[in-house]
Amino acid sequence: MTIVALLILLLIAGLCGLIGQAIAGFSRGGFLVSIAIGFIGAMIGAWLASSLGWPEVLPLRIGGQSFPVIWAIVGSALFVAIIGLFSRHTI
């Protein structure tokens with residue numbers, strides 16, 4: 001994988017993380033956190049889809065790697081919602 005492909009993959013993961021945070025309505029940190037959430041969401045979403053037998057929707061091939069965009073967004077939203085349940089502070 002080239003540096004350019006890695007940077008594009010990080011950008012797409014960050015965007016998926018941002019969208020997942022927007023759907024869940026909870027945001028922590030900046031773009032680096034969104035990148036991590038995007039990758040974790042991709043793992044959660046891909047695992048969930050394969051467990052339920054659902055097809056991979058809108059996969060992007062970047063540098064020989066497949067990145068499941070839709071499942072990354074779904075997984076990110078689920079992950080952020082769970083984080084939000086445990087870390088909400090009332091004032």
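1. Gln 21 lies in helix 1 of this predicted model. Its relative accessible area is 5%; because buried means under 20%, Gln 21 counts as buried.

2. What is Gln 21 in contact with, leaving aside its neighbours within four places in sequence? The partners are Phe 26, Ser 27, Arg 28, Val 33, Ser 34, Ile 37 and Val 80. Of these, Val 33, Ser 34 and Ile 37 belong to helix 2, and they are listed where helix 2 meets helix 1. Val 80 is a buried residue of helix 3.

3. Helix 1 and helix 2 pack with their axes 6 Å apart, at an angle of about 90°. The two helices are therefore roughly perpendicular to each other. On the helix 1 side, the meeting residues are Leu 9, Leu 10, Leu 11, Ala 13, Gly 14, Leu 15, Gly 17, Leu 18 and Gln 21. Helix 2 contributes Phe 31, Val 33, Ser 34, Ile 35, Ile 37, Gly 38 and Phe 39. By class, this contact has eleven nonpolar and five polar residues, and no charged ones.

4. Helix 3 runs over residues 69-87, which makes 19 residues. At 1.5 Å a residue the helix should span 27 Å, and its end C-alpha atoms are 26 Å apart, so the two values agree.

5. Which residues of helix 3 are buried? They are Val 69, Trp 71, Ala 72, Ile 73, Gly 75, Ser 76, Ala 77, Val 80, Gly 84 and Ser 87.

Technical notes:
Residues are numbered from 1 along each chain as its sequence is written. This is a predicted model: local features need pLDDT of at least 70, side-chain atom pairs count only at pLDDT 80 or more; totals for chains, interfaces and linings use all residues. Side-chain values use heavy atoms; hydrogens and water are left out. Helices (H or I, at least four residues) and strands (E, at least two) are DSSP runs, numbered from the N terminus. The expected span of a helix is 1.5 Å times one less than its number of residues. Buried means under 20% relative accessible area, exposed over 50%, partly exposed in between (1.4 Å probe, protein chains only). Axes are lines fitted to C-alpha atoms, for helices over the stretch in contact, and angles run from 0 to 180 degrees between N-to-C directions. Angles under 35 degrees count as roughly parallel, over 145 as roughly antiparallel, 65 to 115 as roughly perpendicular and the rest as oblique. Contact means heavy atoms within 4.5 Å. Ala, Val, Leu, Ile, Met, Phe, Trp, Tyr, Cys and Pro count as nonpolar, Asp, Glu, Lys and Arg as charged, and the others, Gly among them, as polar.
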